[in-house]
Amino acid sequence: MTTQDTPLPDQVSDSVRLETFEFDEFERGLLPVARHVLTSFETPELHLWGRAYSEAIEHWGETLGLAVAHRLQKVVRAVLDARDGSLSFYDPRDPASQDHATQDEVTLLRMLRHMRRDEAVPARDAAIALAHGKMDPYILRAGLAFADRFSCGTPGQARNGKPPVLRVVG
């Protein structure tokens, strides 16, 4: 499905309501940004990449929003490359699809959700689903870089649970 021929959510067989998933506010905020990025790759003449960055800035502020949009576009590009440019998504300009997502969109959000929580098995399964059954290193690398920057871990805590230690080296 492309932005050119997007039917209403209740007319799409793989459409699901977002409320049926336990995405946090950050993850739900990724969806419109991802849709603008996807549209910008599909139809570059629309220049919706700028809207993707604007959407992220409106949601998270300039500093965080720019970083989110930049890292997210790398994830989207890796997925598109692994799938020969085909990914089912709704037109970001269509308000009727705001509370719905395609299975591809949900899988992308699930992969990032699990990676952000350092849940390796479900993250890997979602990444493989995005790559049509293949283990794609570019999707994994882009997703993990995104998750590392926007982790759900406790602020100020390293992954091993101990607070970070600064050392002066002379």
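View 1. Helix H1, residues 25-42, gives the most to the lining, with 5 residues.

**View 2. The largest nonpolar core.** This core has 42 residues. Leu30, Leu72, Val76, Leu108, Met111, Ile139 and Phe146 are those with the most contacts inside the core. At least two core residues come from each of H1, H2 (49-60), H3 (62-82), H4 (103-116), H5 (120-130) and H6 (137-149). H3 supplies the largest share, 10 residues. In soluble globular proteins, nonpolar side chains tend to be buried together.

**View 3. Surroundings of Ile139.** Ile139 is one of the residues with the most contacts inside the largest nonpolar core. With neighbours within four places in sequence left aside, Ile139 is in contact with Ala78, Val79, Ala82, Met111, Ala127, Leu130 and Ala131. Met111 is also among the core residues with the most contacts.

**View 4. Confidence along the chain.** The average pLDDT of the protein is 85, and 82% of the residues score at least 70. For residues 1-12 the pLDDT is below 50, and this stretch has 32 contacts in the model beyond near neighbours in sequence. Residues 154-158 also have a pLDDT below 50, with 6 contacts beyond near neighbours in sequence. Where pLDDT is low, the predicted coordinates should not be read in detail.

Note on methods. Residues numbered from 1 in each chain as written. Predicted model: local features only at pLDDT ≥ 70, side-chain atom pairs only at ≥ 80, totals over all residues. Heavy atoms only, no water. pLDDT = per-residue confidence, 0-100. Contact = heavy atoms within 4.5 Å. Helix = DSSP H or I, 4+ residues; strand = E, 2+ residues; numbered from the N terminus. Core = buried A, V, L, I, M, F, W, Y, C linked by side-chain atoms within 4.5 Å. Buried < 20%, exposed > 50% of the residue type's maximum accessible area, 1.4 Å probe, protein only.
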